[in-house]
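Dear colleague,

I am handing over the structure we spoke about, and it is placed just below this paragraph.

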Amino acid sequence: METKELESAVEAILFASGEPVRTERICMALEVERPEAEAVLQKLMDHYAYERRGIRLLHMEDAWQLCSAPDYADQVRRAFEIRKPAKLSQPALEVLSVIAYYQPVTRAYVDQIRGVDSSYTMGLLLERKLIEPCGRLQVPGRPHVYRTTRQFLRAFHLTTLEDLPALPDFGVEGQLRLSEDGQVVDVTDDQLFAAPDLDQEESPESTKE
C-alpha cells in the first residue's frame with residue numbers, strides 16, 4: 001500500500017473503533033512492520049495538530065485513538081447536551097497523585113501517606129475510570145492494588161507515565177512490583193500498611209467533585 005493509502009486505512013480503523021487501538025493490531029491489519037505503522041501514525045498526529053483540525057490523534061502508551069480537539073469541547077458539549085465534567089477535588093488530586101507516582105499501591109498505602117481514610121475518594125476515581133484494580137496482595141485479606149488507566153493519560157494529556165513531572169524525594173518507599181499474572185511481588189512491611197493509624201476519615205462532603 002502507498003503511504004496515502006496507509007494513512008487512510010489507519011484513519012478508517014481508528015474511526016471505526018472509537019476506542020484506543022494497540023499498535024500491534026494496526027500493524028496486523030495493515031500488514032506492515034511496526035516502524036512503518038508508527039511513522040504513519042506520527043505523521044497523522046502531526047498533521048491534525050498543525051492544520052488545527054477538529055480532530056486529534058492521541059498516543060497513549062502503546063495505543064492510539066481519534067478524539068475531538070480540546071479547542072472545540074464547548075461546541076461538542078452543546079451539540080450533544082453533554083454536561084461539563086466536574087473538576088477533581090483537592091483530595092481526589094492528592095489520591096490520584098499518590099497512585100500515579102507509586103503505582104501499583106494498596107488503598108492502605110494511600111491512606112498512610114495522606115493520613116486520612118481515602119476509600120470514598122478512591123471510589124470516585126474508580127467511577128471516573130481514572131484508576132483501576134490490577135491485582136491483589138498475597139497476604140491475609142488479599143487487598144486490591146491499584147494503578148492509573150489510559151483514561152488518566154488522556155485526561156492529563158500524557159503519552160506515558162514517564163511524561164509525569166519529576167517528583168521531589170519525600171522519603172516515601174518505592175512502588176510494588178506486579179508479576180505477569182497480576183500478583184504483587186517483593187512486598188515489604190512498609191508497603192503493606194495493613195493497619196494504618198489515621199487521624200480522621202474523609203466524608204462525602206469534603207470530597208465533592
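Predicted model: local features only at pLDDT ≥ 70, side-chain atom pairs only at ≥ 80, totals over all residues.

The protein chain contains 9 helices and 10 strands, and of its 209 residues 36% count as buried. Among contacts between residues at least 6 apart in sequence, 57% join residues at least 24 apart.

I begin with the sheet. Three strands form an open sheet in the order β1-β3-β2, and their pairing is antiparallel. Because β1 (21-22) and β2 (55-60) each have a single partner strand, they stand at the edges, and one side of each is left without a neighbour in the sheet. The pairing of β2 with β3, which covers residues 63-68, is antiparallel and runs over 6 bridges; within it, Leu57 has Leu66 of β3 as its bridge partner. Helix α3 (residues 34-50) packs on this sheet, where it touches both β2 and β3, and its direction makes about 135 degrees with that of β2. On the other pairing, β1 and β3 are joined in the antiparallel sense over 2 bridges, and Arg22 stands opposite Ala63 in β3. The hairpin of β2 and β3 has 2 residues between the strands, and Glu61 in this hairpin takes a positive phi near 55 degrees. As for burial, β3 is mostly covered, since 5 of its 6 residues are buried.

In soluble globular proteins, nonpolar side chains tend to be buried together. In this model the largest nonpolar core has 21 residues, and those with the most contacts inside it are Leu96, Ile99, Leu125, Ile131 and Phe152. Four helices, α5 (90-102), α6 (107-114), α7 (119-127) and α8 (150-155), each supply at least two residues of this core, and the largest share, 7 residues, comes from α5.

The packing of α5 against α7 can be described in some detail. Their axes come within 9 Å and cross at roughly 75 degrees; an angle from 65 to 115 degrees counts as roughly perpendicular, and α5 and α7 are therefore roughly perpendicular to each other. On the α5 side the residues involved are Pro91, Ala92, Val95, Leu96 and Ile99, which meet Thr121, Met122 and Leu125 in α7.

Finally, there are the aromatic rings, of which the structure holds 2 pairs. In the pair formed by Phe152 and Phe156, the ring centres are 5.0 Å apart and the planes are at 45 degrees, so the pair is tilted. As regards accessibility, Phe152 counts as buried because its relative accessibility is 3%, whereas Phe156, at 35% relative accessibility, counts as partly exposed.

With best regards

Definitions and conventions
Residues numbered from 1 in each chain as written. Heavy atoms only, no water. Pairing = 2+ DSSP bridges. Contact = heavy atoms within 4.5 Å. Axes fitted to C-alpha atoms, helices over the stretch in contact; angles between N-to-C directions. Core = buried A, V, L, I, M, F, W, Y, C linked by side-chain atoms within 4.5 Å. Buried < 20%, exposed > 50% of the residue type's maximum accessible area, 1.4 Å probe, protein only. Phe/Tyr/Trp six-rings, centres within 6.5 Å; stacked < 30°, edge-to-face > 60°. Parallel < 35°, antiparallel > 145°, perpendicular 65-115°, else oblique.
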